[in-house]
Amino acid sequence: MIDASHSQVIMKINEIGYDVCSDLCLKQVLLCDDEEFNLMTLTHLLMHFSLEGECFESGTLAVNCFRKRLNLKCCSRTFGLVLTDISMPGLDGYGVCTQITATQNFWFEGMRKQQSLVKFKAKRVTPVVAVTAYTDEST
């Protein structure tokens, strides 16, 4: 169960350098959590900022969707942010982060070789933010 207030989540997103309301590529957010309640909570939170979340209960399904969207080579169809649970059966949040980062690096390198990255003006890396229900009372 998510135990973070809206302001804590937005503060973390702002720490990674995103203006949630103005980044056009951030309209699509990939949500990955094995708990349906957490996905509903995150989706509700995103709606307050006019953002859309695409939900996955499996890390593998989330990574596959990310790869498919990235291959469309269109900023309006890619995800602007990934929110993933750390602890999930199968491919966990660490694996999701690793595979998404590797996918982006491979894709950008391919675009550079084809010299078609120029139309994107810069390498735009989609941030992956960990979401967890674990709390540490000592902090």
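Asp 85 sits in strand β3, which covers residues 81-85; strands here are DSSP runs of E with at least two residues, helices are runs of H or I with at least four, and both are numbered from the N terminus. Asp 85 counts as buried because its relative accessibility is 9%, where buried means under 20% relative accessible area, exposed over 50% and partly exposed in between (1.4 Å probe, protein chains only).

Who does Asp 85 touch, leaving out residues up to four places away in sequence? The list is Cys 32, Asp 33, Asp 34, Asp 92, Gly 93, Val 131 and Thr 132, with a contact meaning heavy atoms within 4.5 Å.

## A word on the model

This is a predicted model, so local features need pLDDT of at least 70 and side-chain atom pairs count only at pLDDT 80 or more, while totals for chains, interfaces and linings use all residues. Residues are numbered from 1 along each chain as its sequence is written, and side-chain values use heavy atoms, with hydrogens and water left out.

## The sheet and the overall layout

The protein chain has four helices and four strands, and from the N terminus they run α-β-α-β-α-β-α-β. The four strands make an open sheet in the order β2-β1-β3-β4, with parallel pairing; two strands pair if DSSP finds at least two bridges between them. At the edges are β2 (52-56) and β4 (128-131), each pairing on one side only. Neighbouring strands are turned by 20° against each other on average, ignoring direction.

β1 and β3 share four bridges in the parallel sense, and Leu 30 stands opposite Val 82 in β3. Helix α2 (residues 36-47) lies across β1, β2 and β3, at about 160° to β1. For these angles, axes are lines fitted to C-alpha atoms, for helices over the stretch in contact, and values run from 0 to 180 degrees between N-to-C directions.

The largest nonpolar core has 16 residues, and Leu 30, Cys 32, Phe 66, Val 96 and Ile 100 touch the most other members. (A nonpolar core is a set of buried Ala, Val, Leu, Ile, Met, Phe, Trp, Tyr and Cys residues joined through side-chain atoms within 4.5 Å.) β1 (28-32), α3 (59-71) and α4 (93-114) each supply at least two residues of this core, and α3 gives the most, with five. Apart from this core lies another, of ten residues, including Leu 39, Leu 42, Leu 46 and Leu 51.
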